[in-house]
Structures are given as C-alpha cells and as structure tokens.
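Here is a short briefing to read alongside the structure.

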Amino acid sequence: MMKNIFCGETNVKEKYYLTTAIAYTSGKPHIGNTYEAILADSVARFKRYQGYDVFFQTGTDEHGQKIEEKAKSAGVTPKEFVDKVADEIKGIWDLVGVSYDKFIRTTDKDHEKQVQKIFNKLYEKGDIYKGSYEGWYCTPCESFWTESQLVDGKCPDCGREVQKSKEEAYFFKMSKYADRLLEYYNEHPEFILPVSRKNEMVNNFLKPGLQDLCVSRSTFKWGVPVDFDPKHVVYVWLDALTNYITGIGYDADGEGSDLYKKLWPADVHIIGKDIIRFHTIYWPIFLMALDVPLPKRVYGHGWLLQDGGKMSKSKGNVMYADDLVSYFGKDAVRYYVLTAMPQDNDGLISWESVIDVINSELANVFGNLVSRTIAMTNKYFGGKVSDSKVIEEVDNDLKQVVVSAVKKVTAKMDEFKIADAISEILTVFRRANKYIDETMPWVLAKDESKSDRLKTVLYNLCESIAIATSLLYPFIPDTCEKALNMFNLNVRAFDKLETFGLEDEISVTQNPEILFARIDAKVVMESVNKMIEERSAALKKQEAPVKEAVKKEQINIEDFGKVELKVGVVTACEKVEKSKKLLKLTVKIGDEVRTVVSGIALAYSPEYLVGKKLALVTNLKPAKLCGILSEGMILCAENSEGKLAFLTPETDIEDGSGIF
C-alpha cells in the first residue's frame, strides 16, 4: 500500500475498484506479463493520490488442462505446482512495487465454493445445459474452435497446433444475451477502451452471432468440480472471470459482504488486448445472467514486445522483471515499461532501449535537474532558499508550465494514457532545466546586487521539482520519495499542486544522493549477453537427456515386408530455395533415377553427398515439399542432441540392391 507521506490533507472522495487479469500459473511471467501489474499499480497509486478510496485486486488463475499436464511432467501434484508458481508471481509483483489490496488465487476455497454456487444458479435458471462438444481444442489457450474458425488448421489466437476433441460438456446460452449486450455497448460508449477494441468485438463476434459457450470439461480433473455432476469441472472462463466479484465477497445466494456492496461495480478491469473478448462479451453476459451490474469500464492494453526478435526460452533471451531490476533498479524498470507503451498500440523493449531511456530521461533530465539545483542551493545560500519576489517574465512562463501540468496529467490518466501523462511531467523537468540555462545562476552569483534574484531563481527551481516530483510519485514512488527527502519535503497533497510557492522556505540536504547514475551500455551488455549465453547452454544441457525415441507399437513380419528398402547413389544434390533444412537429391537406384527431398541440409553440404551410397524407402507415396515432388525417403539416425547420420552399406555394393 502507498504510505501516507503526503503534505496536507486530502478528503476521500469515493471508492475506486480496479483489477488486473489474473496471471496464469503455467510458469514464470516475463516482463510483458509484468507490465500489466505495473500499469494497474500506477493507476491505483494515482487514484489514491487524488483521494479516492482505492481497492486494487490482482492474483492468479490456477486451474485447467495445461496446469494438469505441466504438473504431471514435473512429477508433482497440480496444487504443489501452482503453489510454487503463484508464490513466484506474487514475489515478482512485490519486487516491482505492485500495491495490491487483495491477491486472489482461484484455488482459494471461498472462491471455489462461489464458483460452484454460480454454476448451479445459472444451471437452475436454464442458462446452462448439458450436451456434448466435438471440435478442435487448443490446450495453451484453453479454447475450443470449429473447423471454420481455424487459421491454416491452427488456433486462430496463438497459432499453435490443435487437437480433435469430443466430450460431454455443459454449455452456456450466450446468444440469449447478445442483443442486450449490444444495447449496453450503445448506451455506455465508455465501457470499452480504446474504442478500436469495441469495434472489433461488435464486428467480429456480436454481429456474426454468438455461439453457445462450453463451460465445463470432463476429460481432465484439475478444476472446480460441478457439485451435482462431479465428473465435470468448471471450465476456465466461468471460473477465472468470476474472481472479480468472489474476491470482494460476492455470494450467489444474495448474501454479499459489505465490501462487495461497497466496491461493485468495478471502476475498471485492466487487461491485455488478447483477452478482451472474454472480458467484454463473456464476462458481462455472465453478470447479466446473474443479475449483477456490469463493470464501468474495461481497458485493453497492447503488448510489450521484445525489440529485435521474439523472446524464446530456448535462446535464453526472455526478459524477466527480476533480471531487469537487478541491473537497473525497480523504479527505472517501472518508468521504462510505463513510458514504452502507447495506448492503442504495442510497445517495444530491449536491454539497449532501457539503458538509453535511463540515461537520456531519468539521469539527464530528472536526476541532473535535482543534482544541479541542490548543488547551487548549497553553494550559494548554505542549503536554504526562500522567494525574494524578484520576478522576471521567464519566471511566469516556468510557473505556468508547472501548474498547468496537473490538469494535463489528470486528463491523460482519466483516459489511461499513462505514457502521455508521464511525458507531461517530464516536460516540467525539461522546462526547469531550460530555466537554469535562461537565468544562468552562476552569472547571478558573481554580482552581490543580484543575490535576491538568484534566491528567487533557486526557489522557483525547488518548487518546480517539488510539484513535478509529487506528480511523478505514483509511477516511481521510491525515487520520488528519495528526491523529495533531499529537499526535506513530503509528497505534496494533490489539491495543493496548483499552488506554486506553497513553501515559505526550502532547505536541501548537504549530502545528496545520485538518483540515477549514467549507465555504461558496453559494460552492462557484456554482462547481459553472458547471462543469455549461460541460460541457453543450461537449457540445452537440461533438455538433451529428456529427448527419447518414440516407442511405436510392435509389428509382424508381414507389416515390415510392405516397406521396400534399397541402396541408392547420389548423383547430384542442391539446396532447396526458401528452405534452410531441405536438400534436393538426384538418386540412382539401379536402372531408375529419382528425385528425393530430405531435411538434412543443416547436417550435410550438397557437395559432400554427391557420390555417397545410402539407404532409402522406395515405395513411399510421393509427396510435394516446397513444390518439389519427392519420390522416396532417406534413412537417417538421430541422437538426443539432434545430430543426424545417414545410413550407408558397410561394404561397396551396387545401387539398386535390396535391403532386408
């Protein structure tokens, strides 16, 4: 929680309830996942600063088939698996300063109990019915798809492989509420932000017609059991989405807690754009069916993507918040991710770009301003200044920029334009740095008759820093508190931010700290690259022994007799264009010459293979690979590290000879 370090009193205005999407406990979250928690935290802190009675909820989503499979692979129970990952997620949230009021887990007993009661209530109401499902299932996305919804035969959301699945299931009647939801959209244009997300929901999902939604599974066990039909578990979205009300005391029987009655409806759900459909279609329809008011707003932010290539665990280059914090500190990481993300687009992150922003903005603009101001105040006035009222026009311009920032920042925050809000604050720091160049305190100090003017200049700088740093506090709280302490000030009360000249006298520390030291990019990147190489090597070493030959069912001699194996000699070989793995071989097999396409280009050069004798399957049905008709298959051995070796006769034997 934000400490009460504000200067002055701010009256509580009203409640403000906000949530993040709950993080899925399939593994450690990377910096893109962590961004959402930092984003929501900045909103929560800013609202508290304004005087709102804030309740901020986050947490973890812990059920599903993927968890069950990962736990099995790890040799632990699903509960043991999610306990470990949930602790890791909570630890990362704490590390980056997420000031949540409630961390909910969907394995919490009170949540599971309410999920069962919600399911029963919707079933008794007739909104849930029993049927069977046959379609394509994506395990990573926990989603069913019809044939027409697939893209190139793969999941339309993540692009991964899908499996044919048929099972008994319960379904929710989504179409029953579609018209009512569309009407709600029209009556509440502020419900979905940005507006582009709303247009996508209407045009891509509501207008074409909603299909009934599968809300139970019967092919795995790790989930909340349907208590009247225990072979079923409640499917992910009816379980996960309801956390927003169960976490604050909702009761499906109508006996909700005082906290629920106070907080609901939520003021905003902050989520990633990839799950906007579930939060703006499924979730509001569930609430309509439960006769519960809808949240006031759903904000779907973009993705924080790695600049220069995709994050890959196998490459060891996945960027994690704890690594970034260890190099740059918590507030520098918070600042970067908040400023890197435009509202309606994706943001980019790389180690180099983080270093650039720290050096150019945090060190040069903010840190340098604080350092220069404190140094001059100590040098010229023994560390204490007050306003001598010797005013020039340049002072008025500075003051106007400073006090006008409050309304500008507030307006941007109301629209969830976090990066723009911080940019307005940085404008104040830049203006103050320019003010130093305009007034040239070092020149004023040489003329004793200009002493009062110099005092006013330094006082104006101190006041500008006090106001702008207070505004920046919700985004990088530890650094701002440290900076204000060096001026012996608290965070100024929000309703006093437009009062320039609030302090009669400002005294600065004699021993100021450096807020952000400039970073030597070369030194840091050498260390980072070494870390990436070590992780990649460790992963390869860890995964190598796991790779085993797939055991196939036994066959009889008649089955084996169906395969025709012969010796062939390679007479020509070349690489296949637009493919890194394929070679096109011309193979002489006795009196016959065939074209064979083989994925061995990473192991052998075309020149090496010419003249080699090898074993191949000759009665395999021809197939086109990269537009080339392949009329056979070369036999190769592969070890646990993926190394290939083609099979060749022990002694020289003529091509066309049979293999048996």
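The lining of the largest cavity is made up of six nonpolar, three polar and two charged residues. Please keep in mind as you read on that this is a predicted model.

**The largest cavity**
- About 50 Å³ is the volume of the largest cavity.
- Eleven residues line the largest cavity, and those closest to its centre are Gly64, Phe220, Val234, Tyr235 and Val236.
- Two elements, strand E12 (233-234) and helix H7 (236-240), each contribute at least two residues to the lining of the largest cavity.
- Searching the whole structure turns up two cavities of 30 Å³ or more.

- Trp303, Leu305 and Leu348 make a nonpolar surface patch of about 270 Å².
- Is Leu305 buried, partly exposed or exposed? Leu305 counts as partly exposed because its relative accessibility is 35%, and the partly exposed class lies between under 20% for buried and over 50% for exposed.

**The chain as a whole**
- The protein chain has 660 residues, and 52% of them count as buried.
- Its secondary structure comprises 21 helices and 29 strands.
- Taken along the principal axes, the box filled by the C-alpha atoms of the protein chain is roughly 110 × 65 × 45 Å.

Methods: Residues numbered from 1 in each chain as written. Predicted model: local features only at pLDDT ≥ 70, side-chain atom pairs only at ≥ 80, totals over all residues. Heavy atoms only, no water. Patch = residues over 30% accessible without salt bridge, like charges linked within 9 Å, V, L, I, M, F, W, Y side chains within 5 Å. Areas by Shrake-Rupley, 256 points an atom, 1.4 Å probe, with all protein chains shown as cover. Salt bridge = Lys/Arg side-chain N within 4 Å of Asp/Glu carboxyl O. Buried < 20%, exposed > 50% of the residue type's maximum accessible area, 1.4 Å probe, protein only. 1 Å grid on protein atoms, 1.4 Å probe; cavity = no way out; pocket = protein on both sides within 12 Å on 5 of 7 lines; lining within 4 Å. Points joined across faces, edges and corners; volume = space filled by probe spheres on them. Helix = DSSP H or I, 4+ residues; strand = E, 2+ residues; numbered from the N terminus. Nonpolar A, V, L, I, M, F, W, Y, C, P; charged D, E, K, R; others polar.
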